[in-house]
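Good morning, and thank you for coming.

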Amino acid sequence: MEQRLANTWHMTINEKKFIESALSKNIRVDGRSPVDYRQLTIKFGREDGSSEVQLGETHVIGLVSGQIVQPYRDRPNEGTLAIFTEFSPMADPAFEPGRPGEFAIELGRLIDRGLRESRAVDMESLCIVAGKSVWAIRVDLHILDNGGNLIDTANIAALAALLTYRKPECTLGGENGQDVVVHDPEVREPLPLIIHHMPVAVTFAFFNEGDAMVIDPTHKEEAIMGGRMTATLNSNGDVCAVQKAGGDGVSLSVITHCLRLAALKAVDITSKIKNAVDSYNTARALRKVKRHNALVAPDITVPDSVMKGNQIGQLAEHQAQKFKEESTKTFDTETVVGIPKETVLFNKKNINFIRKDSDSFIGGPSNWDPYSQSIPPTFVRSSQIFPGLHSSS
Amino acid sequence: MDGQLSAPTQATSLFDQTVIPGDIIVDLPSVANLRVGSGLRQDCFELLAMKVGTLRYKKPNKYWLESSHKRYDPSVEDTILGIVVGRNSENFLVDIKSSSLALLPVVAFEGGTKKNIPKLEIGSLLYVRVVKANHGTNPELSCTDASGKAAQFGPLKEGYMFDSSTGLARMLLSTPTCPVLQAFDLQRFKIVIGLNGRIWVNASTPSMVVLISNAIMASEFLSASQQANMVKELTDQLQTRCSRTVGFITVNSKSAVVNSTS
């Protein structure tokens, strides 16, 4: 018992009284005004569908993954969406490993409701074969640091991850045309999810029996708040969800005031998310252009280098040679469900080949543009013979 | 003797240098009374570093390591801020940001006897002195100085407390007065700095308290002139903020918690 006391976070009476008295004068201890958010930073990982969001000191990671499953019987042509939360013990001394606590479940439910009930994610586009195969989208939210207001941060992480996730393209193939063929992302460009609108959660904390209200409470403010309310709205002003689980009662006028504030904040946050996603997509497209002529996924941090005209021709010939050799050795029939084997092999071989041959050839999109310089005929021929190569999209 | 990994070095060459755990500091000038301070451990004739920090030396025989951490390692005669978290018949249980709770005997107050035990609630903030600090046992505290007088120890009323690193606390306590504190009118606020990284501030208005606490938190990695500039910026912003109702301040620093819009 003593060890648990030693490891928990304690708040002093002095802090509690001070924060409450300062709030009665509309002063917050970090200098913000009661309706201001902390600094929001949205970053993305290398893979599609991974986001990292920081709101002040609160830090959440969102990961989206997809799997093909059988649909529910009562909704045979809709995909499924599931939210999972993980409250890592490193985020807060109060988080225990193992089964999610009450707040973890509430957070998951709140984000799920905001996305599902408002039909933000299009479920019917996730259907592949009605009644047999649909996409099951899973969003994992990992809480890394609890600096207060996990709900808003986790919601933004989920949205950012969903907006950047790409699901592999599927077609029907096989002997009877009923089997699902999942194409490798290197072969066919994966597709983004269809998101109709962005439900943004805005959390309010109430103090002094409903007299004072703040937006985006910090960890200390959350420890002494009397009640909390979360309103999920989109930038059009539609209310997607409202949650107030216990705590001090507040009057109707306060609630309508909060909803109006939430509408303003939702517009602001939506534009921030959109900007972050747009810059991610641009960077991703640039990476694809590099990959188009390098046939390998380079590091973005590698410096661009100038590629001379004859170098392209030489390299293309060299590549064509290599691929001819490879194909005679290891060509394999495409398997029905799964990634075509030889494509993977080619890519692996490419990587080895490129790396050891010349560090100078890592195509820089700023210096090489497929339309300004003519593509040598050997290069075109090689891309036609071997459909496994990444075709221009 | 796992410290053998690093080559033995001359003590003098390491003064004011950063050392890492395991570095052996040998060839000490032969002194009768070696005073080993925090962060160092004496092993026969070798001094081993236990933490990452700067090796300091004071003539004729004092050696210690200066490091900055978020957790506190109790050492005797340190003055720190503790939070009461419990009580048993003999001691108050006090949290001091170390690995185990500290014990404050209920009689360790000026004129304290079993009959007049002070009423300290859970969550009270105390300014205390470390009396015993051995590895493995709970540290012991006292609210009196060595002669038994109160000397400003005891519970702190009102004000606001915040956490920082031990390095920042030491910087604030150094002489001459730290620039960030110098920049404020020293008559207009009270401050108590605990060597365990806890700082308590009180002033006449809440906005003053908020200003001081944010300035201190932001000053950890700034130089003297940067600190002075930062405080000036914050005070100006507060003046303009008081006349409007929106807007707040950004300080470009690692530990800044005051945010701003243009």
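Let me begin with chain B, which has 4 helices and 17 strands; helices (H or I, at least four residues) and strands (E, at least two) are DSSP runs, numbered from the N terminus. Please note that this is a predicted model, in which local features need pLDDT of at least 70 and side-chain atom pairs count only at pLDDT 80 or more, while totals for chains, interfaces and linings use all residues. Residues are numbered from 1 along each chain as its sequence is written, chains are lettered from A and ligands numbered from 1 in the order in which they are written, and side-chain values use heavy atoms, with hydrogens and water left out.

Of the 262 residues in chain B, 46% are buried, where buried means under 20% relative accessible area, exposed over 50%, and partly exposed in between, with a 1.4 Å probe and protein chains only.

Now to an open sheet of 3 strands in chain B, with the order β15-β17-β16 and antiparallel pairing; two strands pair if DSSP finds at least two bridges between them. Because β15 (160-163) and β16 (189-193) of chain B stand at the edges, each with a single partner strand, one side of each lacks a neighbour in the sheet. On average, neighbouring strands of this sheet are turned by 20 degrees against each other, direction ignored. Axes here are lines fitted to C-alpha atoms, for helices over the stretch in contact, and angles run from 0 to 180 degrees between N-to-C directions.

β15(B) pairs with β17 (residues 198-203) of chain B over 4 bridges, and Asp163(B) has Arg198(B) as its bridge partner in β17(B). Helix α3 (residues 206-218) of chain B packs on the sheet and touches β15, β16 and β17 of chain B, contact meaning heavy atoms within 4.5 Å. The direction of α3 makes about 150 degrees with that of β17(B).

What of the aromatic residues? Over all chains there are 9 aromatic pairs; rings of Phe, Tyr and Trp (its six-membered ring) pair if their centres lie within 6.5 Å, with planes under 30 degrees apart counted as stacked, over 60 as edge-to-face and the rest as tilted. The rings of Phe18(A) and Tyr160(B) have centres 5.1 Å apart and planes at 35 degrees, so this pair is tilted. The pair crosses between chains, from helix α2 (residues 13-24) of chain A to strand β15 of chain B. Phe18(A) and Tyr160(B) are both buried, and together with Phe162(B) they form one aromatic cluster.
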